[in-house]
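Please keep the sequence and the model in view while reading.

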Amino acid sequence: MTSTQSPGRHRQGTAGQARRHRHQARRRRRVAIAAATVLVAVTAAATARYAVGRSAPPAGPVARQDGRIPLPTKAGSYLGVYPDGVPASYTGVRSFGAATRVQPDVVTYYSGWQEPFQASFAATASRSGAVPLVQMNPTGVSIGAIAAGHYDEYLRAYAAAVHRYGHPVILSFGHEMNGYWYSWASGHTAPATFVAAWQHLVNVFRAAGTSNVTWLWTVNVFQSQAGVSSPRAWWPGASYVTWVGLDGYYYTAAARFSSVFGPAIAGIRAWTRKPILIAETSATPAAGQPAKIADLFAGIRLYGLLGFVWFDNDTNQDWRLTSPAAIASFRRSAQLYRRPTP
């Protein structure tokens, strides 16, 4: 993807409502994509600046003396997936692993507002060696009301459930807020209101003693010409963010990691050195999935990012790995990616 929004799922009441709402958002996004594709900017100079060495896969989190459970932050530590069917079923994760011979260590699901923490799914992920990544989506909810504490009963119950779970959880709230396609995002919610809500949510969890959360502040790749601005005004502050998430997709054959993600990485690095995880990404078949997969893995290494989550889902269009060539490319690239550096 060049500069516009991802097809990230958000749930709004029933699954059917979620899919219809998401399809509408995707149609609006694709209009912006057409405007953005002529504006691909290659940032080769910035690339070298952020390159770091590869590391071995994480050995697993160890609780610190203050009780917190930090996740590894070495470059290339994570290879995740968002398949069809989660969190109701883990079958999609297993099918992805069987096809690619990759055991994902991050598994994403999207959570509607006032939906409880899916502890059973999280436990299955943990037993499989993965960390659950939950995207909490406040669709149609007043962000000001969240900031004012009107949903604290729900948030305290959620924090208590995560605390009882006891293993690391990556938690994001209101992803892609610098876009315009969600009710909590630009044009619908003021940045200061979003920041207040984010900080309030984190504070509720801290007050509950829930220390096993990695807070992922997830934004969309940005170019103002496509209506997706810098998320700087939405930044809640370094003390409220553990990692930065970045969503972006390969839509065309001309797309490269440096053009899809490079400008956003350079922009984010202007105000924070927090570790960056590509929280959503995939490539359309028309873009040439095998080549884009290889480019994605190479880009993660070159820019020294935490890793990525592959959007292996058929929302609006089929983003899944389906062709033998794409599956083979993912398998080969993953083997090299997870090979320890001498």
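Is Arg338 buried, partly exposed or exposed? Arg338 is partly exposed, because its relative accessible area is 23%. The model is a predicted one.

## Salt bridges in the model

Side chains of opposite charge can pair when their charged atoms come close. Across the whole structure, 3 salt bridges are found.

## Asp105 and Arg338

Arg338 is a partner in one of these salt bridges: Asp105 pairs with Arg338, and the closest N and O atoms are 3.0 Å apart. Asp105 sits in the loop between α3 and β2 (106–112), while Arg338 sits in the segment after α11, so the pair ties together parts that are 233 residues apart in sequence.

The surroundings of the two partners can be described as well. Asp105 has a relative accessibility of 10% and therefore counts as buried, since buried means under 20%. Arg338, at 23%, is partly exposed.

## Arg320 and its partners

Arg320 forms a salt bridge with Asp84, with an N to O distance of 3.6 Å. Arg320 lies in the loop between β8 (307–312) and α11 (324–337), and Asp84 lies in the loop between β1 (78–83) and α3 (91–100), so this pair ties together parts that are 236 residues apart in sequence.

Arg320 also forms a salt bridge with Asp318, where the closest N and O atoms are 2.9 Å apart. Through shared partners, the salt bridges join Asp84, Asp318 and Arg320 into one network.

How exposed are the members of this network? Arg320 has a relative accessible area of 29% and is partly exposed. For Asp318 the relative accessible area is 29%, so Asp318 is partly exposed. Asp84 has a relative accessibility of 24% and also counts as partly exposed.

## A buried serine

Where is Ser258 placed? Ser258 belongs to helix α8, which covers residues 257–260. Ser258 counts as buried because its relative accessibility is 16%, and the cut-off for buried is under 20%.

Ser258 can also be placed relative to Tyr303. The two residues are 45 residues apart along the chain, and their C-alpha atoms are separated by 9.2 Å.

Definitions and conventions
Residues numbered from 1 in each chain as written. Predicted model: local features only at pLDDT ≥ 70, side-chain atom pairs only at ≥ 80, totals over all residues. Heavy atoms only, no water. Helix = DSSP H or I, 4+ residues; strand = E, 2+ residues; numbered from the N terminus. Buried < 20%, exposed > 50% of the residue type's maximum accessible area, 1.4 Å probe, protein only. Salt bridge = Lys/Arg side-chain N within 4 Å of Asp/Glu carboxyl O.
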